[in-house]
Amino acid sequence: MAINRPKGTQDHLPDGSPKLSLDTRASAFAFVRETARRVLERAGAQFTDTPLFEEAELVQRGVGGSTDIVRKEMFTVYYFGDHGGFILRPEGTAGLVRSYLQNGLKQLPAPLKLWTHGPMFRAENVQKGRLRQFHQVDYEVLGSADALVDAEAIALMTEVVQALGVQKVKVKLGSIGDPEDREAYNAYLRGLFTPHLEALSDDSRDRLTRNPMRILDSKSAQDQELMGTLGVRPMLDFLGEGARAHFEQVRGYLDAWGVNYDVDPSIVRGLDYYRRTAWELHHEGVGAKSALGGGGRYDGLAQELGSKETVPGIGWAFGIERLLLALEAEGVQLPATPGPLLYVAALDEVNVGYAASVARQVRTLARAEFAYRAMKPAAAFRDAERRGARFVALIGSQEVGQGTLSLKDLQTGEQHTVVTRDLQSFLGAQQSSTSPSMQEQP
């Protein structure tokens with residue numbers, strides 16, 4: 001019996017594969033990553049990377065012991081004696097903050113902007129756009145609590161998505177206040193829900209004691225019905241003076257920049273280290289669960305991970321698979337993967353090695369491929385067209401003896417005779433005049 005890939009994972013396939021869809025197209029993932037890199041690095045972000053697995057304790061502190069991710073969805077990869085185990089990372093923020101603290105990145109100019117991408121792992125029910133191994137683009141800013149940093153982070157998230165061609169997105173913006181605001185809100189929630197314990201799900205009864213705000217994230221239908229009946233007041237009603245002023249500053253910057261958003265009082269973050277700004281990015285085309293990603297301020301996370309001092313931080317992440325669903329819903333056509341600028345074929349076996357040498361020299365300029373056996377002209381042209389080549393060079397003993405190449409432009413049908421030593425100059429001039437869709441992606 002053939003071995004198949006694990007449930008909840010996908011193979012990312014080359015263009016032209018028979019079972020290809022947008023969310024399995026390797027070049028689509030590369031396009032998302034490259035677009036994010038361009039937008040974020042122009043704003044001063046630097047690329048970083050962290051291990052795919054971390055200490056279990058880091059993830060439990062950084063994600064939260066009361067969350068479904070930690071309680072139900074983590075992949076444990078290794079135990080040894082009394083060791084707490086290693087966990088495949090379910091998100092990127094905790095590992096990035098750990099790296100910031102461990103490697104002394106505080107010494108770099110602040111605020112420090114970092115970005116990364118890569119696979120994340122959650123043992124959840126598989127459904128459209130939600131996999132057990134999925135991929136994220138992650139952006140974090142450490143070292144500043146200024147509202148301008150928050151606004152820029154939100155704006156950059158929308159800029160990355162819009163640069164990819166997705167336009168029908170909506171920012172849902174909220175605030176979860178300062179610690180004292182959260183304490184007041186948690187006290188309100190306990191007072192509201194305690195008389196209705198029997199109507200709560202088992203998970204939410206547990207949350208009521210430990211972390212009442214987590215009830216508002218509940219996926220349980222009975223919890224949602226109870227909240228609708230009780231008319232739960234939003235966290236925004238409990239913001240203190242400082243948090244409210246910060247929230248209005250963020251809104252002011254977004255308004256000035258023309259970033260569209262809706263204030264959503266229902267947005268919450270249940271963990272104690274979160275502060276003030278929180279938001280989600282939604283797109284109706286990805287289904288009932290329309291969030292592409294989200295972000296928030298987490299000024300208390302560094303201390304939760306062992307820092308002796310507060311390190312202000314804010315960040316966001318979006319799922320690449322879910323973003324590709326949005327691209328598909330809007331009918332966005334991704335750039336075609338360019339074929340080789342040159343395809344070289346020998347007309348006889350004795351010159352196959354020479355043809356390979358010609359192609360290898362061109363690779364300092366552009367993508368070039370060659371035939372691994374001698375080919376007749378008609379077969380060489382067919383193979384070049386299948387590969388999407390721009391130029392075909394046919395090499396026989398006459399061309400080798402004269403030091404020339406016969407090139408055909410498959411776009412225009414023109415024939416060219418080029419001195420071999422001038423091949424790179426000729427192709428460079430042709431490439432500079434080629435339409436952007438035919439040029440190699442940066």
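User: What makes the side chains of Glu140 and Tyr298 a polar contact?

Analyst: Quick background: this is a predicted model, where local features need pLDDT of at least 70 and side-chain atom pairs count only at pLDDT 80 or more, while totals for chains, interfaces and linings use all residues. Residues are numbered from 1 along each chain as its sequence is written, and side-chain values use heavy atoms, with hydrogens and water left out. Now the contact: the term needs a pair of N or O atoms within 3.5 Å, where within protein one must be able to donate a hydrogen and the other to accept it, and residues adjacent in sequence count only if both atoms are side-chain atoms. The side chains of Glu140 and Tyr298 are 2.6 Å apart, so the pair qualifies.

User: Why is Glu140 not counted in a salt bridge?

Analyst: A salt bridge takes a side-chain nitrogen of Lys or Arg within 4 Å of a carboxyl oxygen of Asp or Glu. For Glu140, the nearest side chain of opposite charge is Arg297, 9.8 Å away, so there is no salt bridge. Strands here are DSSP E runs of at least two residues, and helices are H or I runs of at least four, both numbered from the N terminus.

User: Which pair does meet the salt-bridge rule with Asp178 in it?

Analyst: That's Asp178 with Arg276: their closest N and O atoms are 2.8 Å apart, so they pass the rule. Asp178 lies in the loop between β7 (170-175) and α6 (179-193) and Arg276 in strand β9 (residues 275-282), so the pair ties together parts 98 residues apart in sequence.

User: Why is Asp178 called buried, and what is Glu309 called?

Analyst: Buried means under 20% relative accessible area, exposed over 50%, partly exposed in between (1.4 Å probe, protein chains only). Asp178 has 12%, so it's buried. Glu309, at 41%, counts as partly exposed. Its salt-bridge partner is Lys106, with the closest N and O atoms 2.6 Å apart.

User: How many salt bridges does the rule give?

Analyst: The count comes to 19. Among them, Arg5 and Asp11 meet at 3.5 Å, N to O. There's also a network of salt bridges linking Arg367, Glu369, Asp383 and Arg387.

User: How do you know that the buried residues of α15 are on one side?

Analyst: In helix α15 (residues 423-432), the buried residues are Leu423, Phe426, Leu427, Gln430 and Gln431. They cover an arc of only 130° around the axis, which puts them on the same side of α15. That arc is taken over the directions from the helix axis to the C-beta atoms. The face turned away from the buried side carries the exposed residues Ser425 and Ser432. What covers the buried residues includes α12 (352-362) and β14 (391-395); contact here means heavy atoms within 4.5 Å.

User: What makes a set of residues a nonpolar core?

Analyst: They must be buried Ala, Val, Leu, Ile, Met, Phe, Trp, Tyr or Cys, joined through side-chain atoms within 4.5 Å. The largest such core has 81 residues, and Leu40, Val137, Tyr139, Trp279, Trp316 and Phe318 touch the most other members. Helix α5 (residues 147-163) gives the largest share, 10 residues. A second, separate core of 23 residues includes Val344 and Phe370.

How values were computed
Lys, Arg positive; Asp, Glu negative; His and termini not counted.
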